[in-house]
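The structure is shown first.

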Amino acid sequence: MYAPRTTPWPLVALFTAGYLAPYLLPTTVGRLERGLDLTPTQAGGVGSLLLLSSATAGFLLASRVERAGARTLARLGLVLAAVGYGGAALTTSVPAVVVGAVVGGFGSGTATTVAATRIAAEKDPHRASTLGLLSVSALAGVVYLTVPHLPGHGLTLAAIALTALAVWPLTARLPGGTARTAAQAAVGSAEADGSGAGRLPYRRSGMVLAGAMLLWSLAQNALWGVSGRIGVGQAHLSEPAVGVVFAVALGAGLLGVLGAGALGSRLGRALPIGGGTVVIACCIALSASATGLGSFAFGEIAWNTFYPVVLSYLIGLAASLDARGRWAVLVGSASSLGTAAGPLTGSVLSAQAGFPVMGAVLAVGLLLVAVPMTGVALHAGGRALLPGAVRRRGGHPAAVVAATTGTPSGAVPEVGAPEQPVVEIALDGAAVPARGEYDTAAATQAPGGL
């Protein structure tokens, strides 16, 4: 029988608090532009600084979560987010707003780092990340329905700060610096034996995935950062109408994430990542060239339906590369760098060439990036085995482990892999039954397997 799965709600909440700032980027940049009399490039620059600070936190803290303690770092990040975003929301001084955005961004990045590290150690990281995307999409949708009807430049910043305060009580359930998960304990044992040596596994695949994710996120957020301006300036919609489109789009994203969660690993990771990125490229080109409500709404809704689906599989792929969560954090931080450069890139491209050309350039870039990401998914993501496939080969019954999204492909043989030859060795005498001194020569069961 399957063991009951517990939902890691503290991690889901922390994931939501960390990811909310990027999700609210279009309205944040638009509000700063109109409320503080900034140019589009200046407002996009503030958004880029916020996200760059978030990425910096990920790079600095990727290897320190276990040592410092998830609870301590999570609380530090939430405090910085509440103070930074809250302070920026309460002032109209541009330098103070910039400082607050940078401090708040570092807090968001810290919260995201802790969440990504802990999610990677879960039995099913894809399920945990899916729940996080559902949560942040729902909350962002509520904000998009509410903010356009209220005045002020700092409403979205205040919403992020209040979310950080609301998540604070749940951090009591996170482990301190001395707690270790079963997966981390297994890795630690390997390092003690000299087999692990503390080195990152899948180094080449991880580096390729990190570089591809940087460009993938840059393309996404280059359009996301200027989507509000496309709706108002090119599609000739009012700000409340654009807010409704965004809310509906995020609602469609909820359905997409639910579909991804139900689908799980049935199609592997390569098809959702590669095929989904191609669909996203088409949606970006359509949305950037929209001149009315129909084309703008269709492009944004279709794009936001597929974006979180592909993102959930990318998060799961990064988590599967290292049970300690280091690749999950490093790839996430590389993605944050792309996210940080997105608003400024979108502003510059649209100012120089117009929105339609910007969309075409981003779409072509996404098509090119889809190739290495799909390659990593094929090479390092493994392939789910059919129930009982391992047992029929005479090995350990680890088909359930292979089907778990977060399990590295090296844990079990792939379907179609050649079997190792079995050599029979004749013995003169009967074997002495000393079961206490040895175990079966089967594949070691992965942490969290059944």
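## Aromatic pairs

Seven aromatic pairs are counted under the rule that rings of Phe, Tyr and Trp (its six-membered ring) pair if their centres lie within 6.5 Å, with planes under 30 degrees apart taken as stacked, over 60 as edge-to-face and the rest as tilted. One of them joins Tyr144 and Trp224 in an edge-to-face arrangement, at 6.2 Å centre to centre and 80° between the planes. Tyr144 belongs to helix 7 (residues 125-146) and Trp224 to helix 10 (residues 203-224), so this pair ties together parts 80 residues apart in sequence; helices here are DSSP runs (H or I, at least four residues) numbered from the N terminus. Tyr144 and Trp224 are both buried, that is, under 20% relative accessible area (1.4 Å probe, protein chains only).

Phe246 and Phe296 form a tilted pair, with ring centres 6.3 Å apart and planes at 50°. This pair links helix 12 (residues 239-263), which holds Phe246, to helix 14 (residues 293-320), which holds Phe296, 50 residues apart. Phe246 is buried at a relative accessible area of 3%, and Phe296 is buried at 0%. Ring pairs link Tyr144, Trp224, Phe246, Phe296 and Trp303 into a cluster.

## Basis and confidence

The model is predicted: local features need pLDDT of at least 70 and side-chain atom pairs pLDDT 80 or more, whereas totals for chains, interfaces and linings use all residues. Residues are numbered from 1 along each chain as its sequence is written, and side-chain values use heavy atoms, leaving out hydrogens and water.

The protein chain has a mean pLDDT (the predictor's confidence in each residue, from 0 to 100) of 77, and 78% of its residues reach 70 or more. Over residues 178-197 the pLDDT is below 50. Residues 382-424 likewise stay under 50. Where pLDDT is low, the predicted coordinates should not be read in detail.

Notes
Contact means heavy atoms within 4.5 Å. Helices (H or I, at least four residues) and strands (E, at least two) are DSSP runs, numbered from the N terminus. Buried means under 20% relative accessible area, exposed over 50%, partly exposed in between (1.4 Å probe, protein chains only).
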